[in-house]
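These are my notebook entries on one structure.

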Amino acid sequence: MFGLSNSIRVFLAVEPVDLRKSFNGLHGVVLDRLKEDPCSGALYVFTNRRRNRIKTLYWDGTGMWVAIKRLEQGCFTWPQGVGESEKLALAPEALALLLDGVDLKQGSFKPWYQR
């Protein structure tokens, strides 16, 4: 994965998103559901219902990036029951752990994780 600065803001969309959406579709989700500005320089993270894919949207000042990660087995741990909020702010280090197969709640690797 590309490097994440410690100063970048990261927002997770709590509810699953149709990951067939690309730049424009995810841009709309950020505006309508997350009530954020997609061009603010924050990284927006989305997952599908099965939680085996993650898609990110990021504006770098000159253009929009979309990146996706698909797991070959297992699923990502995703926050649930965070109240009324459609999004969850996350530290860049926590996102790195989530992408690397760490269960953020338990603080341990998921069973499917291999080094």
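I checked Phe 11 and Tyr 44 for burial and found both buried (under 20% relative accessible area, with exposed over 50% and partly exposed in between; 1.4 Å probe, protein chains only). The model is predicted: local features need pLDDT of at least 70, side-chain atom pairs count only at pLDDT 80 or more, and totals for chains, interfaces and linings use all residues. Residues are numbered from 1 along each chain as its sequence is written, and side-chain values use heavy atoms, with hydrogens and water left out.

Phe 11 and Tyr 44 form a stacked pair, at 5.8 Å centre to centre with 15 degrees between the planes. Phe 11 lies in strand S1 (residues 10-13) and Tyr 44 in strand S2 (residues 43-47), so the pair ties together parts 33 residues apart in sequence. Strands here are DSSP runs of E, at least two residues, numbered from the N terminus.

I next examined the antiparallel strands S3 (residues 53-59) and S4 (residues 64-70), which 7 bridges join; pairing requires at least two DSSP bridges. S3 and S4 form a hairpin with 4 residues between them, and Gly 61 in the turn has a positive phi of about 105 degrees.

Finally, I looked up Thr 56 in strand S3. Thr 56 counts as buried because its relative accessibility is 7%. Beyond its neighbours within four places in sequence, Thr 56 has contacts (heavy atoms within 4.5 Å) that include Tyr 44 and Trp 65.

Conventions
Phe/Tyr/Trp six-rings, centres within 6.5 Å; stacked < 30°, edge-to-face > 60°.
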